[in-house]
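Trainee: I have a model open and want to go through it with you. Can we start with the backbone and then move to the side chains?
Mentor: Fine, go ahead.

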Amino acid sequence: MRKRLAFVLLLVARAVTAQSAPAQPAVLPNQQALAPRIPVRAATTRASGDTTGYWQQRADYQIVATLDERVGVITATGSLRYVNRSPEVLRELWVHQYLNAFRPGSRWSATDEREGRLRFQELRDPDYAYERFTSAPRVNGRTVTVEYPLSPDSTVVRLPLATPLAPGDSVTVEFAWTARPSTVPRRQARRGRSFDFSQWYPKVAVYDRDGWKPNALVPAGEFYGEFGAFDVTLVLPADQTVGATGVPVSGDPGYARVMAPGSERPRLAAQAYRDVPAATTVRVPTGYKAVRFIARNVHHFAWSTSPGFRYEGTSYVHAPSQFYRFPIWDTVSVHVLYRADAADDCSRASLSESAEKRCVDESLTQWQGGKALDQTRKALRWLEALYGDYPYPQITVVKRIDASGTEFPMLLMNGEATLGLTVHELGHVYTYGILANNEWQSGWMDEGLSSYQELLQAGDSRVLLAARLEMANDRNPSQPADTAVRRLRARLDSMSGEQATTVREGTAEPIGSRADLFRSFAAYNASVYDRGQSMYQALHDVLGEETFQRFLREYYAMWQFRHVDRWAMQATAERVGERKLGWFFDQWVQQTGVIDYALRAPVVRKEQVAGRFQWVVTAQLARVGQYRHPMPVGVRTATGWTVIRTDPLKDVQLVQFRLDEAPDALWLDPYGSTESPTARFYRLVLPTR
Ligand SMILES: [Zn+2]
């Protein structure tokens with residue numbers, strides 16, 4: 001034991017030397033200090049809505065990692081095969097060592113300090129997280145000197161390439177490293193013998209049509225990765241139970257041993273992938289086991305392990321509905337790992353007695369007896385209906401040490417097993433995991449959309465609510481009889497009201513701002529999640545129910561396993577919606593504002609047409625707010641409503657209705673489907689004649 005400790009200390013000393021590499025200017029590509037909030041640099045490949053012509057790099061990993069529980073550290077070796085499919089010659093590679101965010105001296109800690117949160121700033125060894133090379137990485141067999149340009153932050157690493165990497169060529173980079181999570185949980189953690197390795201390996205940064213995208217890991221923004229395959233062998237104490245991205249192709253993840261009464265036997269889907277390469281020889285110490293996972297078409301690999309997990313599993317069977325350019329499995333293995341060691345786990349969390357009891361209760365009641373499995377199945381069914389078939393052979397949901405949840409390909413680390421959280425995080429397996437946007441530049445694409453689809457799943461969208469009100473043909477939809485509807489609308493109204501306040505006060509920021517440039521983490525959340533959600537609500541209202549649904553399915557079908565950006569999404573919405581939507585994405589993504597329109601000068605005329613009377617209602621609709629929207633305007637008669645959509649591109653326009661009955665009121669947004677905080681249910685009582 002002492003010997004082993006001494007060995008670890010030696011590695012620490014070497015790694016420190018490696019990290020105090022020659023000082024570099026602390027500026028990353030695409031992150032100039034004075035970079036505009038919205039990048040305007042021309043892309044190397046023209047941004048178009050088509051997938052054709054937009055190349056994408058490829059990154060395949062092979063890793064063997066051995067966990068030493070006593071010190072909470074993995075010792076790993078791995079290789080990355082990186083294919084340059086871009087039209088440019090690359091002279092460097094950028095990789096991330098993201099566990100280094102969760103320690104003193106990191107940019108993450110600096111952000112927490114600035115915003116008044118205490119997490120990792122004062123942690124000491126062995127409580128903070130780290131990820132360190134134990135020897136210099138080798139590129140095609142030659143060692144390279146790594147650089148940490150953001151030092152003392154060491155989440156971003158530059159690897160100069162001795163030989164430039166030409167278009168179409170590949171390099172193999174070999175890494176050897178150690179890593180451990182922090183004892184303070186935040187998206188990753190270790191506690192006792194339990195480990196959540198959400199970040200843990202040298203992860204290559206994305207090179208896309210705007211160039212290299214290395215990013216220090218800070219609280220705002222999480223992921224952007226290159227697609228590829230992972231072949232990961234985890235060497236763990238034999239009584240560990242492990243859940244991971246990928247299917248276990250050999251070795252025992254431990255599910256059968258800790259299976260809860262009533263659970264189906266684990267279906268490991270070990271044969272899910274064809275042509276799995278022969279395993280490399282792995283040294284397995286006495287009392288340990290090696291579990292090998294394979295995952296394809298993913299851009300991240302995460303895993304959680306604990307001897308205290310309890311297992312429940314089932315199969316999700318579906319009929320693949322579309323033709324895809326990747327394999328679809330008709331049966332998806334669903335694994336749920338929750339904590340049978342909750343009592344131990346909760347007691348370590350220094351909670352009050354009542355909170356500790358709640359922690360233990362929740363840990364079991366929310367998860368066990370098939371409950372978490374049910375939520376996962378429900379979420380899968382919902383998301384397949386929304387976007388399209390689930391394209392992986394497996395989904396694993398683990399109860400992590402931290403609260404709340406984080407998404408990974410084929411793996412959710414969730415603190416709770418509520419339907420809402422499951423729908424949100426599994427939704428991310430689609431938006432971020434399969435439709436892979438850059439969360440540092442466009443978090444609204446995945447956070448906003450996953451928040452909105454969560455709202456849709458619950459039936460809580462303003463657009464769905466408006467459809468219900470329209471069906472009811474109520475004379476006064478602003479005061480619906482249904483109290484549940486009233487309560488829900490009050491909640492949605494207060495959210496858009498809050499957003500309008502931030503716009504009025506000048507504190508709102510465009511949702512397309514770079515994540516690390518938001519004023520604060522709270523401002524980032526308010527924009528990317530809340531305003532992002534409002535944006536999709538508005539898009540839903542602009543496109544209409546059927547077109548919006550088709551848009552989501554086409555967006556998924558066209559862009560799956562690719563990097564997506566605003567242009568990809570806009571092009572799909574324009575094609576499906578058969579209209580230009582640049583104005584919509586410009587205002588919602590790059591500007592701040594509210595939808596605010598005014599109805600003015602109503603006139604009612606009675607005309608005789610072909611021997612019958614007609615009532616002609618005219619009024620002027622003027623845009624008052626910064627945002628445009630095809631505002632609905634409605635007129636009410638004794639028998640019901642006539643509602644039209646106006647032109648979003650006109651600042652002032654005439655609206656006109658021809659009716660066979662006398663109208664009594666003219667309403668702006670009669671069903672409350674828009675995101676306008678002021679226009680909803682605004683009405684003008686019409687002069688009767
Ligand atoms: Zn999210």
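Trainee: Where does Pro152 lie?
Mentor: Pro152 is in the loop between β6 (142-143) and β7 (156-165). The peptide bond that leads from Ser151 to Pro152 is cis, with omega near 15°. Keep in mind that this is a predicted model.

Trainee: Which residues does the other cis peptide bond, with omega about 10°, join?
Mentor: Asp125 and Pro126 are joined by a cis peptide bond. Pro126 sits in the loop between α2 (107-114) and β4 (130-133). Most peptide bonds are trans.

Trainee: What about phi, what is the value for Asn140?
Mentor: Phi of Asn140 is near 45°, a positive value in a residue other than glycine. Asn140 belongs to the loop between β5 (138-139) and β6. Asn473 also has a positive phi, about 50°, and is not a glycine. Its place is the loop between α8 (462-472) and α9 (483-505).

Trainee: How does Asn473 count in terms of accessibility?
Mentor: Its relative accessibility is 37%, so Asn473 counts as partly exposed.

Trainee: Are His428 and Glu447 buried or exposed?
Mentor: Both His428 and Glu447 are buried.

Trainee: Now the rings. How many aromatic pairs are there?
Mentor: Searching the whole structure gives 42 aromatic pairs. One of them is Phe197 with Trp303: the ring centres are 4.4 Å apart and the planes are at 15°, so the pair is stacked. Phe197 lies in strand β10 (residues 194-197) and Trp303 in strand β18 (residues 303-306), so this pair ties together parts that are 106 residues apart in sequence. Both Phe197 and Trp303 are buried.

Trainee: And what geometry do Phe584 and Phe585 have?
Mentor: That pair is edge-to-face, with 5.4 Å centre to centre and 80° between the planes. Phe584 and Phe585 are both buried.

Trainee: Which charged ends sit over rings?
Mentor: The charged end of Arg132 is over the ring of Tyr130, 3.7 Å from its centre. The charged end of Lys606 is over the ring of Phe613, 4.8 Å from its centre.

Trainee: Which residues touch the most other members of the largest nonpolar core?
Mentor: Tyr82 and Trp200, in a core of 172 residues. Helix α10 (residues 521-543) gives the largest share of this core, 9 residues. Trp200 touches Ile63, Leu99, Trp177 and Trp303, among others, not counting residues up to four places away in sequence. Trp200 is also part of a cluster linked by ring pairs, including Tyr61, Phe230 and Phe293.

Trainee: Last topic, the whole chain. What is its radius of gyration?
Mentor: The protein chain has 28 Å; with 689 residues a compact globule would have a radius near 26 Å, which agrees. The C-alpha trace spans about 100 × 55 × 50 Å along its principal axes. There are 13 helices and 32 strands, and buried residues make up 59% of the 689 residues.

Methods
Residues are numbered from 1 along each chain as its sequence is written. This is a predicted model: local features need pLDDT of at least 70, side-chain atom pairs count only at pLDDT 80 or more; totals for chains, interfaces and linings use all residues. Side-chain values use heavy atoms; hydrogens and water are left out. Buried means under 20% relative accessible area, exposed over 50%, partly exposed in between (1.4 Å probe, protein chains only). Rings of Phe, Tyr and Trp (its six-membered ring) pair if their centres lie within 6.5 Å; planes under 30 degrees apart count as stacked, over 60 as edge-to-face and the rest as tilted. Helices (H or I, at least four residues) and strands (E, at least two) are DSSP runs, numbered from the N terminus. A charge sits over a ring if NZ of Lys or CZ of Arg is within 6 Å of the ring centre and within 35 degrees of the ring normal. A nonpolar core is a set of buried Ala, Val, Leu, Ile, Met, Phe, Trp, Tyr and Cys residues joined through side-chain atoms within 4.5 Å. Contact means heavy atoms within 4.5 Å. The radius of gyration is taken over C-alpha atoms; the globule rule is 2.2 Å times the number of residues to the power 0.38.
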